[in-house]
Amino acid sequence: MSSFSEQTRLSAPVDDTAPTQDFVLDHQVQHLLRRAHQRASSIFLTVLADAQLTPTQFFALARLHETGKLSQNRLGRMAAMDPATIQGVIRRLQERGFIERLPDPNDRRRMVLSLSPLGKETVASLLSDAKRIGGEILAPLPPEEREQFVRLLKKLV
């Protein structure tokens with residue numbers, strides 16, 4: 001048999017309209033991360049507006065620039081994109097002529113992705129702007145906190 005206080009607590013109506021004293025939206029990490037993501041995306045889109053690339057498209061191109069040829073599956077994992085997202089990203093980049101699908105020299109049943117000459121030229125021309133984006137995102141932090149912030153973000157991901 002449960003105690004009176006347990007019975008009362010279980011049967012007492014919940015007042016969903018009462019403000020929660022210990023929940024302040026502006027102090028919630030999930031809300032702050034969402035707002036930081038919005039700010040970062042806005043800066044990215046402003047700086048790289050002429051390239052007409054989304055952040056996910058640029059990140060896929062940048063990862064191919066770093067690694068060379070990759071399977072679509074591996075590129076998706078290395079760029080932190082789920083299979084459906086990377087599939088759409090690759091299709092759009094291929095349509096625009098930034099990447100090529102080539103037979104895998106080690107497994108003829110598989111295709112690998114590679115930057116096309118246009119893709120290589122585009123990424124090379126955007127790298128300095130991409131570095132500047134990071135600086136603009138971190139600009140509100142004092143210089144001594146920037147490395148610490150990035151280090152902490154890496155722990156979260």
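1. His31 is buried, with a relative accessible area of 11%; buried means under 20% relative accessible area, exposed over 50%, and partly exposed in between, with a 1.4 Å probe and protein chains only. The residue His31 is placed in helix 2. Helices (H or I, at least four residues) and strands (E, at least two) are DSSP runs, numbered from the N terminus. Leaving aside residues up to four places away in sequence, His31 touches Leu25 and Asp26, where contact means heavy atoms within 4.5 Å.

2. On the basis of the model: this is a predicted model, in which local features need pLDDT of at least 70 and side-chain atom pairs count only at pLDDT 80 or more, while totals for chains, interfaces and linings use all residues. Residues are numbered from 1 along each chain as its sequence is written, and side-chain values use heavy atoms, with hydrogens and water left out.

3. On the overall arrangement: the protein has seven helices and two strands, and along the sequence they follow the pattern α-α-α-α-α-β-β-α-α. Of its 157 residues, 25% count as buried. Among contacts between residues at least 6 apart in sequence, 46% join residues at least 24 apart.

4. On the nonpolar core: such a core is a set of buried Ala, Val, Leu, Ile, Met, Phe, Trp, Tyr and Cys residues joined through side-chain atoms within 4.5 Å. The largest one holds 26 residues, of which Leu53, Leu61, Leu75, Leu93 and Ile99 touch the most other members. Two or more residues each come from helix 2 (29-47), helix 3 (55-67), helix 5 (83-95), strand 2 (107-115) and helix 6 (117-138). Helix 3 gives the most to this core, with five residues. In soluble globular proteins, nonpolar side chains tend to be buried together.

5. Which residues does Leu93 touch, not counting residues up to four places away in sequence? The residues touched by Leu93 are Leu53, Gln57, Ala60, Leu61, Phe98 and Ile99.

6. On the packing of helix 3 and helix 5: their axes come within 10 Å and cross at roughly 80°. Axes are lines fitted to C-alpha atoms, for helices over the stretch in contact, and angles run from 0 to 180 degrees between N-to-C directions. Helix 3 and helix 5 are therefore roughly perpendicular to each other; angles under 35 degrees count as roughly parallel, over 145 as roughly antiparallel, 65 to 115 as roughly perpendicular and the rest as oblique. Helix 3 contributes Thr56, Gln57, Ala60 and Leu61 to the contact, and helix 5 contributes Ile86, Val89, Arg92 and Leu93. The residues of this contact divide into five nonpolar, two polar and one charged. Here Ala, Val, Leu, Ile, Met, Phe, Trp, Tyr, Cys and Pro count as nonpolar, Asp, Glu, Lys and Arg as charged, and the others, Gly among them, as polar.

7. On aromatic pairs: a search of the whole structure finds three. Rings of Phe, Tyr and Trp (its six-membered ring) pair if their centres lie within 6.5 Å; planes under 30 degrees apart count as stacked, over 60 as edge-to-face and the rest as tilted. The ring centres of Phe44 and Phe58 are 5.8 Å apart and their planes are at 55°, so the pair is tilted. This pair links distant parts of the chain, with Phe44 in helix 2 and Phe58 in helix 3, 14 residues apart. Phe44 is buried at a relative accessible area of 5%, and Phe58 also counts as buried, at 4% relative accessibility. One aromatic cluster is formed by Phe44, Phe58 and Phe59.

8. Gln52, although not a glycine, has a positive phi of about 50°. The residue Gln52 lies in the loop between helix 2 and helix 3 and is exposed, with a relative accessible area of 59%. Ala80, also not a glycine, has a positive phi of about 60°. The loop between helix 4 (72-78) and helix 5 holds Ala80, which is exposed at a relative accessible area of 72%.

9. His37 and Ile137 are 100 residues apart in sequence and 9.7 Å apart in space, C-alpha to C-alpha. Arg132, in helix 6, is partly exposed at 41% relative accessible area. Arg132 and Ile43 are 89 residues apart in sequence and 9.8 Å apart in space, C-alpha to C-alpha.
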